[in-house]
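Subject: Structure handover

Hello,

Here is the structure for your set-up. My notes follow below it.

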Amino acid sequence: MGIIKAARELGKAIQADERYIEFNRCRKANDEDEKLQQQIHEFNLVRMQAAEEANKDDNRDEERFKQLNAKMRQIYADIMVNENMIAYNKAKGEMDALLQNMNGIIDLCIQG
């Protein structure tokens, strides 16, 4: 079996794994959560505004910058307590651990 074929087989095995299935389910739930998507959109807008304010050299409005940062932190906190986001982060952590373990095995095999 060639390396590419083996990689494809590994990919199929990953897609059949419960961790991948749960990760995919959680990702879809996040995508379909309109309130969460609105919060993420708002967070990104406020983050861009804060970055623009931070990049002003001479006429930076410190008070506006502080307000934008506070608003950004509050929106982020609201996002992180969303039940879909909590489930997604848990599933993502499990997928990341699986992939990290797999990379470690491959790395050890390469090094002998």
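Just after α5, glycine 112 has a positive phi of about 90 degrees. Helices here are DSSP runs (H or I, at least four residues), numbered from the N terminus.

This is a predicted model: local features need pLDDT of at least 70, side-chain atom pairs need 80 or more, and totals for chains, interfaces and linings use all residues. Residues are numbered from 1 along each chain as its sequence is written, and side-chain values use heavy atoms, without hydrogens or water.

α5 has 29 residues. From first C-alpha to last, α5 reaches 42 Å, close to the 42 Å expected at 1.5 Å a residue (1.5 Å times one less than the number of residues). At its start, a side-chain oxygen of asparagine 82 comes within 2.7 Å of the backbone nitrogen of asparagine 84.

The buried residues of α5 are Met85, Tyr88, Ala91, Met95, Leu98 and Met102. Buried means under 20% relative accessible area, exposed over 50%, partly exposed in between (1.4 Å probe, protein chains only). Those α5 residues pack against α1 (3-16), α2 (18-32), α3 and α4 (62-80).

Isoleucine 106 also sits in α5 (residues 83-111). Isoleucine 106 is partly exposed, at 42% relative accessibility.

Now α3 (residues 34-54), which holds glutamate 53. Glutamate 53 is buried, at 3% relative accessible area. Its contacts (heavy atoms within 4.5 Å) include Asn59, Arg64 and Leu68, leaving out residues up to four places away in sequence. The glutamate 53 side chain also reaches the backbone nitrogen of aspartate 61 at 2.7 Å.

Best wishes

How values were computed:
Helices (H or I, at least four residues) and strands (E, at least two) are DSSP runs, numbered from the N terminus. A polar contact is a pair of N or O atoms within 3.5 Å; within protein, one must be able to donate a hydrogen and the other to accept it, and residues adjacent in sequence count only if both atoms are side-chain atoms.
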